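The entries follow in the order in which I made them.

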Amino acid sequence: MTFTSPQNGVFAAVDLGATSGRVITGRVGRDELALTEVHRFANTPVRLPDGLRWDVLALYQGMVDGLRAAGRGGPVVSIGIDTWAVDYGLLDAGGTLLGNPFHYRDDRNAAASAKVLARCGARELYAVSGLQHLPFNTVFQLAAHRSDVQWRAARTLLLMPDLLMHWLTGSVGAEVTNASTTGLFDARTGTWSDALIERLGLDRSLFPPLRFPGDPAGTLLPHVAEYTGLPARTPVTTVASHDTASAVAAVPATGPDFAYVSCGTWSLAGLELDAPVLTEASRAANFTNERGVDGTVRYLRNIMGMWLLEECRREWGRDGAAPGLAELLKEASGARPFAAVIDPDDPSFLAPGSMPSRIDDYLARTGQPAPDGPGGHVRCVLESLALAHRRTLRQAAELAGRELTRVHLVGGGSRNELLCQWTADATGLPVTAGPAEATALGNVLLQARAHGLVGDLPDMRRLVARTQELRHYRPSGDRASWDRAEARLGLG
């Protein structure tokens, strides 16, 4: 398939997060990089008798409604899809989805991970995949799924963005940045690990051929074109379909010695490397080696991010409107510093519901006082996230043998001035905040590059730096206070 050059058209980015989905159109030129949100829809999981599942049909409907809205704004040059990682759907021999995909927060995964590790030890898994141990990694979810009747009928496994691309185009593939999060991907070779798949007793034919950012994924099926009003030969372009990989592609860095924090539901904090770090020290520190754009490695650790704050807000709004974020941040700025700190990655914070109470329970277990009201809880969460950013980036630099000169904080968390300033204070490094829409920008830029409108990865980043609103924070305050707070956690 040959792409044609766009003529005054837009690129449509489908960006699905853990709580909402959006369709955004982007215009790209030599000194232009502009986004317009044309449709937003909820992403609400459904708890069924057999577990917590994604409502993937509602996500698909929201996506095609958004694409119809995108077409009203001018010619759509191509479409790209990014989502979260690890979750998947199973198709039968006829290409039919075998049930709604499970949600990574479903509680079936903990027992399944123990079964996998009994068969293939943690060191062996890490030596191949280089993947951070998380109980919901795809490799563990598959172990839980194998007792399900659907498993016997499964012939193809598609990760979430690949499933949605399949429904748009009919094509089958596995985009590499998302495939690298499964635990069944070889971090050195950049391919599926046939040896690991065989060792775990999985059928190799379940795993489709790999695709790379910029590859064509097909064109719209006739019924999709009819519903959306888009031309039948509208291309669907493979982007970095793991939302963090798209976000990192849009980090406005001007040199190699930077760290990034992609901050949304999760905080993904780490470095961009040329090769994976597969040492035992790296495994023990629970760092992951995931693929980025152009063969780069996203060397990072997942940190429970703004999920903690949003879950608190949801609980506080149970009997009425949730308190506004601006009001909460004002209260937090006036609360007592370092009154209490938590480890955001404590397993007690993974599941939804009752977050303020679970924070209080954690503090009681660790001999700390409960925060004073919502403002105190928010300060506790944000200071704890800044400490987690500090700890993670320091360890990443040590393990990779890198010197860091700046932190780029992108995603929705970059709008939170307290978090940005406290990350600078905690790390002792200057923080550049923004763009907030890094994931959508990366999605659009990778489509634009496939159509010849931008150059290599540094060229893409220079365009982001020239065109997007960025804010800069210098370290301030007393570093010793951060040292003492971290020491209280016993995780330094």
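I began with D194, which is partly exposed at 44% relative accessibility; the cut-offs are under 20% relative accessible area for buried, over 50% for exposed, and partly exposed in between, with a 1.4 Å probe and protein chains only. I then looked up R204, partly exposed as well, with a relative accessible area of 34%. The side chains of D194 and R204 form a salt bridge at 2.5 Å, N to O. D194 belongs to helix 8 (residues 194–199) and R204 to the loop between helix 8 and strand 12 (210–211), so this pair ties together parts 10 residues apart in sequence.

I noted the conditions. This is a predicted model, in which local features need pLDDT of at least 70 and side-chain atom pairs count only at pLDDT 80 or more, while totals for chains, interfaces and linings use all residues. Residues are numbered from 1 along each chain as its sequence is written, and side-chain values use heavy atoms, with hydrogens and water left out.

I took a salt bridge as a side-chain nitrogen of Lys or Arg within 4 Å of a carboxyl oxygen of Asp or Glu. Helices (H or I, at least four residues) and strands (E, at least two) are DSSP runs, numbered from the N terminus.

How many salt bridges does a search of the whole structure find? I got 27. One network of salt bridges links D15, R22, E37, R40, R415 and E437.

Next I checked D346 and R365, whose side chains meet in a salt bridge of 3.6 Å, N to O. D346 sits in the loop between helix 13 (325–334) and helix 14 (355–365), and R365 in helix 14, so the pair ties together parts 19 residues apart in sequence. Buried or exposed? D346 counts as buried at 17% relative accessibility, and R365 as exposed at 53%.

I also looked up R68 and D65, which form a salt bridge at 3.9 Å, N to O. They are 3 residues apart in helix 1 (residues 56–71), which means about one helical turn between them.

Last, I traced an open sheet of 7 strands, in the order 17-18-16-15-19-20-21 with mixed pairing; two strands pair if DSSP finds at least two bridges between them. Strand 17 (288–291) and strand 21 (471–473) are at the edges with a single partner strand each, so one side of each has no neighbour in the sheet. Strand 15 (residues 258–263) runs antiparallel to strand 16 (residues 266–273), and 4 bridges join them. I found C263 opposite S267 in strand 16.
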